[in-house]
Amino acid sequence: MSNAELDAIGLTIALASVTTILLLVFGTPLAWWLARRRLPGQALLEALLALPLVLPPSVLGFYLLIGLGPSGPGGWLAQWGGARSLAFSFTGLVIGSLVYSLPFVLQPLKNAFAAIEPRQLDMAAVSGARPMDRLFSLVIPQA
């Protein structure tokens with residue numbers, strides 16, 4: 001294998017690892033919140049979060065390039081942090097991967113969390129189980 005191929009494989013593994021960790025860390029609480037709360041405008045929020053499912057990848061990529069480019073909001077944040085642009089950087093790759101992958105994590109987790117009977121969590125709370133105990137002994141095994 002050439003050095004360029006090894007670099008590409010390393011970048012792919014790093015991107016997949018970082019994206020997976022961030023999706024689990026941020027997607028799981030967001031899915032729990034969406035499954036357990038009913039707020040005004042929540043349907044609009046869920047539609048926006050599911051937008052990558054209906055947009056063609058080229059359109060989504062174009063919007064991400066505009067948003068992360070030098071004149072977009074991501075470019076402004078990058079300039080504030082001392083960089084030129086987030087487009088075509090590892091951080092930009094991670095953001096794009098998160099935006100594209102979030103609906104594929106959010107929908108199944110939200111549906112799994114919504115299927116958990118709230119009375120079970122209430123009974124565990126009454127029995128003295130702390131929130132983390134309920135998470136690891138009830139929610140995760142059932143989801």
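How many cavities of 30 Å³ or more does a search of the whole structure find? The search of this predicted model finds one such cavity, and the legends below begin with the view around it.

**View 1. The largest cavity and its lining.**
The largest cavity holds about 40 Å³ of space, and the residues that line this cavity are L34, E46, L49, A50, P103, L106, Q107 and K110. Two helices, α2 and α6, each supply at least two residues of this lining, and of the elements that contribute, α6 gives the most, with four residues. Sorted by class, the lining of the largest cavity consists of five nonpolar residues, one polar residue and two charged residues.

**View 2. A50, a residue in the lining of the largest cavity.**
A50 is found in the loop between α2, which covers residues 42-49, and α3, which covers residues 51-54. Is A50 buried or exposed? Its relative accessibility is 19%, and because buried means under 20% relative accessible area, A50 counts as buried. The view also takes in S101, which is 51 residues away from A50 along the chain, although the C-alpha atoms of A50 and S101 are separated by 9.8 Å.

**View 3. The largest pocket and the helices around it.**
The space in the largest pocket comes to about 220 Å³. Its lining is formed by T28, P29, W32, R36, P118, L121, D122, P131, R134, L135 and V139, and the elements that give two or more residues to this lining are α1 (3-36), α7 (118-126) and α8 (131-142). When the lining residues of the largest pocket are sorted by class, seven are nonpolar, one is polar and three are charged.

**View 4. The second largest pocket.**
The second largest pocket has a volume of about 160 Å³, and the residues lining this pocket are G61, L64, L65, L68, L86, A87, F88, S89, G92, L93 and G96. Both α4 (57-68) and α6 (90-114) supply at least two residues of the lining, while the largest share, four residues, comes from α4. By class, the lining of the second largest pocket contains seven nonpolar residues and four polar residues, with no charged residues.

F88 has its place in the loop between α5 and α6. The phi angle of F88 is near 65°, which is a positive value in a residue other than glycine. With a relative accessible area of 79%, F88 is exposed, because exposed means over 50%.

Which residues of helix α5 (residues 73-80) are buried? They are G74, G75 and A78, and seen down the axis of α5, the buried residues fall within an arc of 100°, so they line one face of the helix. These buried residues of α5 pack against α4, whereas P73, W76 and W80, on the other side of α5, are exposed. Helix α5 is followed by G82, whose phi is positive, near 100°.

**View 5. The aromatic pair F62 and Y63.**
The count of aromatic pairs in the structure comes to three. In one of these pairs, the rings of F62 and Y63 have their centres 6.0 Å apart and their planes at 50°, so the pair is tilted. Y63 counts as exposed, with a relative accessibility of 52%.

An α-helix has 3.6 residues a turn, so residues three or four places apart point the same way. Y100 is partly exposed, with a relative accessible area of 38%, and F104, at 48% relative accessibility, also counts as partly exposed.

How values were computed
Residues are numbered from 1 along each chain as its sequence is written. This is a predicted model: local features need pLDDT of at least 70, side-chain atom pairs count only at pLDDT 80 or more; totals for chains, interfaces and linings use all residues. Side-chain values use heavy atoms; hydrogens and water are left out. On a 1 Å grid over the protein atoms alone, a cavity is a set of points where a 1.4 Å probe fits but cannot get out, and a pocket is an open set with protein on both sides within 12 Å along at least five of seven lines; lining residues have an atom within 4 Å of a point. Grid points are joined across faces, edges and corners, and a volume is the space filled by probe spheres set on the points. Ala, Val, Leu, Ile, Met, Phe, Trp, Tyr, Cys and Pro count as nonpolar, Asp, Glu, Lys and Arg as charged, and the others, Gly among them, as polar. Rings of Phe, Tyr and Trp (its six-membered ring) pair if their centres lie within 6.5 Å; planes under 30 degrees apart count as stacked, over 60 as edge-to-face and the rest as tilted. Buried means under 20% relative accessible area, exposed over 50%, partly exposed in between (1.4 Å probe, protein chains only). The arc is that of the directions from the helix axis to the C-beta atoms. Contact means heavy atoms within 4.5 Å.
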